[in-house]
Amino acid sequence: AGTVIMNSETFRMVQDGSTAKGDAIGVARIAGIMAAKKVDSFIPLCHPLMISSVVIDFKFLDDGRSIGIEAKVACKGQTGVEMEALSAVSVAALTLYDMCKSVDKGIVISDIRLLQKSGGKSGIFVREQ
């Protein structure tokens with residue numbers, strides 16, 4: 001999960017799909033999915049996985065400035081997919097920045113963190129909120 005914080009005008013543009021580059025949420029979702037599938041090509045020592053699903057959700061938060069991003073990644077293997085999920089959130093957030101930077105260079109990307117995972121040698125992890 002992660003958060004992208006922007007000014008309220010930019011927030012409205014993203015919400016309305018009216019940024020100069022188009023539908024920022026749609027483009028960010030595709031970028032995040034692509035990132036999850038290609039982690040092994042940009043993070044050293046990550047091995048390629050057969051990803052079975054990637055779902056990226058965006059939530060427009062009530063403060064009128066923040067967009068929450070959450071990625072859920074699954075694979076059929078015995079390994080965890082936390083690097084794939086964290087990369088999906090990171091790249092989706094960076095894509096929102098790229099789509100909006102012409103009107104708001106003060107955008108902040110924050111709180112990228114693992115919420116929960118299962119699989120792999122370390123087993124189950126659930127973040128205590």
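β3 contributes the most to the lining of the largest pocket, with six residues. The model is predicted: local features need pLDDT of at least 70, side-chain atom pairs count only at pLDDT 80 or more, and totals for chains, interfaces and linings use all residues. Residues are numbered from 1 along each chain as its sequence is written, and side-chain values use heavy atoms, with hydrogens and water left out.

**Exercise 1.** Work out which residues of helix α1 are buried and what they pack against.

*Solution.* 
- Helices are DSSP runs (H or I, at least four residues), as are strands (E, at least two), numbered from the N terminus.
- Buried means under 20% relative accessible area (1.4 Å probe, protein chains only).
- In α1 (residues 8–16), Thr10, Phe11, Met13 and Val14 are buried.
- Viewed down the axis of α1, these buried residues fall within an arc of 160°, so they line one face of the helix. The arc is that of the directions from the helix axis to the C-beta atoms.
- Their packing partners are α2 (24–37), β2 (51–60), β3 (66–75) and α4 (82–100). Contact means heavy atoms within 4.5 Å.
- Check the ends. Asn7 caps the N-terminal end, with a side-chain oxygen 3.1 Å from the backbone nitrogen of Glu9. Gly17 follows α1, and its phi is positive, near 70°.

**Exercise 2.** Decide whether Ser87 is buried or exposed, and find its contacts.

*Solution.* 
- Ser87 sits in helix α4.
- Its relative accessible area is 7%, so Ser87 is buried.
- A polar atom of the Ser87 side chain lies 2.8 Å from the backbone oxygen of Met83.
- Leaving out residues up to four places away in sequence, Ser87 touches Ala35, Val39, Phe42 and Ile43.

**Exercise 3.** Describe the largest cavity.

*Solution.* 
- A cavity is a set of points on a 1 Å grid, over the protein atoms alone, where a 1.4 Å probe fits but cannot get out; lining residues have an atom within 4 Å of a point.
- The largest cavity has a volume of about 40 Å³.
- α2 and α3 (39–42) are the elements that give two or more residues to its lining.
- Among the lining residues are Val39, His47 and Glu84.

**Exercise 4.** Describe the largest pocket.

*Solution.* 
- A pocket is an open set with protein on both sides within 12 Å along at least five of seven lines.
- The largest pocket has a volume of about 410 Å³.
- It is lined by 22 residues, of which Lys72, Val73, Val81, Gln116 and Lys117 lie nearest its centre.
- β3, α4 and β5 (116–117) each give two or more residues to this lining.

Methods. Buried means under 20% relative accessible area, exposed over 50%, partly exposed in between (1.4 Å probe, protein chains only). A polar contact is a pair of N or O atoms within 3.5 Å; within protein, one must be able to donate a hydrogen and the other to accept it, and residues adjacent in sequence count only if both atoms are side-chain atoms. Grid points are joined across faces, edges and corners, and a volume is the space filled by probe spheres set on the points.
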